[in-house]
Amino acid sequence: MHPDYSRKGVGTALVDATIQKMNPPLRLKCVSKNDKALLFYKKKGWVQVVEEGPVSERYWLMEYQ
């Protein structure tokens, strides 16, 4: 997300629209070091399933039921 649009509801709108169109369960990958994104997804009901990837490129596989 570009910083100019952060905290303005754009990410929520995109995630909500995706959930409506795709129908759960859904999965995504989130970079492990991106604490803001991890918190955002957790607040939206996503669950961290497993951390994967090489040490320099770790990511969380997340799931939405």
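Analyst: The conversation below goes through the fold, the strands, the core, the salt bridges and the surface of this predicted model.

User: Which elements does the protein have, and how many helices and strands are there?
Analyst: The protein has two helices and three strands. Read from the N terminus, the order of the elements is α-β-α-β-β.

User: What does the C-alpha trace span?
Analyst: Along its principal axes, the C-alpha trace spans about 30 × 30 × 15 Å. The protein has 65 residues, and 23% of them count as buried.

User: Now the strands. Which strands are joined to strand 3?
Analyst: Strand 1 (residues 26-31) runs antiparallel to strand 3 (residues 59-64), and six bridges join them. Strand 2 (residues 47-52) is also antiparallel to strand 3, with five bridges between the two.

User: Which residues are paired with E63 there?
Analyst: E63 in strand 3 is the bridge partner of R27. V47 also stands opposite E63.

User: What about the hairpin of strand 2 and strand 3?
Analyst: Six residues lie between the strands of that hairpin, and G53 takes a positive phi near 95°.

User: Back to E63. Which residue does it form a salt bridge with?
Analyst: The partner is R27, and the closest N and O atoms of the pair are 2.7 Å apart.

User: How many salt bridges are found in the whole structure?
Analyst: The search finds two. Besides the pair of E63 and R27, there is a salt bridge between the side chains of E51 and R58, at 4.0 Å from N to O. E51 is partly exposed, with a relative accessible area of 32%, and R58 also counts as partly exposed, at 30%.

User: Does anything else touch that pair, or is that a topic for the loop with S32?
Analyst: S32 lies in the loop between strand 1 and helix 2 (35-43). Leaving aside residues up to four places away in sequence, S32 touches E51 and R58, as well as L38, Y59 and W60. At 14% relative accessibility, S32 counts as buried, because the cut-off for that is under 20%.

User: Changing topic: which residues make up the largest nonpolar core?
Analyst: That core has 10 residues: V15, I19, L26, L28, C30, A37, L38, Y41, W46 and M62. Helix 1, strand 1 and helix 2 each supply at least two residues of the core.

User: And what does I19 touch?
Analyst: Residues up to four places away in sequence aside, I19 touches P24, L26, W46 and Y64.

User: Last, the surface. Which residues make the nonpolar patch there?
Analyst: M1, Y5, V10 and L14 make a nonpolar surface patch of about 430 Å². Y5 lies in the segment before helix 1 (10-22) and is partly exposed at 49% relative accessibility. L14 lies in helix 1 and is exposed, with a relative accessible area of 53%.

Definitions and conventions: Residues are numbered from 1 along each chain as its sequence is written. This is a predicted model: local features need pLDDT of at least 70, side-chain atom pairs count only at pLDDT 80 or more; totals for chains, interfaces and linings use all residues. Side-chain values use heavy atoms; hydrogens and water are left out. Patches are made of residues with over 30% relative accessible area and no salt bridge: like charges are joined within 9 Å, nonpolar side chains (Val, Leu, Ile, Met, Phe, Trp, Tyr) within 5 Å. Accessible areas come from the Shrake-Rupley method with a 1.4 Å probe; for residues, only the protein chains shown count as cover. Helices (H or I, at least four residues) and strands (E, at least two) are DSSP runs, numbered from the N terminus. Buried means under 20% relative accessible area, exposed over 50%, partly exposed in between (1.4 Å probe, protein chains only). Two strands pair if DSSP finds at least two bridges between them. Contact means heavy atoms within 4.5 Å. A nonpolar core is a set of buried Ala, Val, Leu, Ile, Met, Phe, Trp, Tyr and Cys residues joined through side-chain atoms within 4.5 Å.
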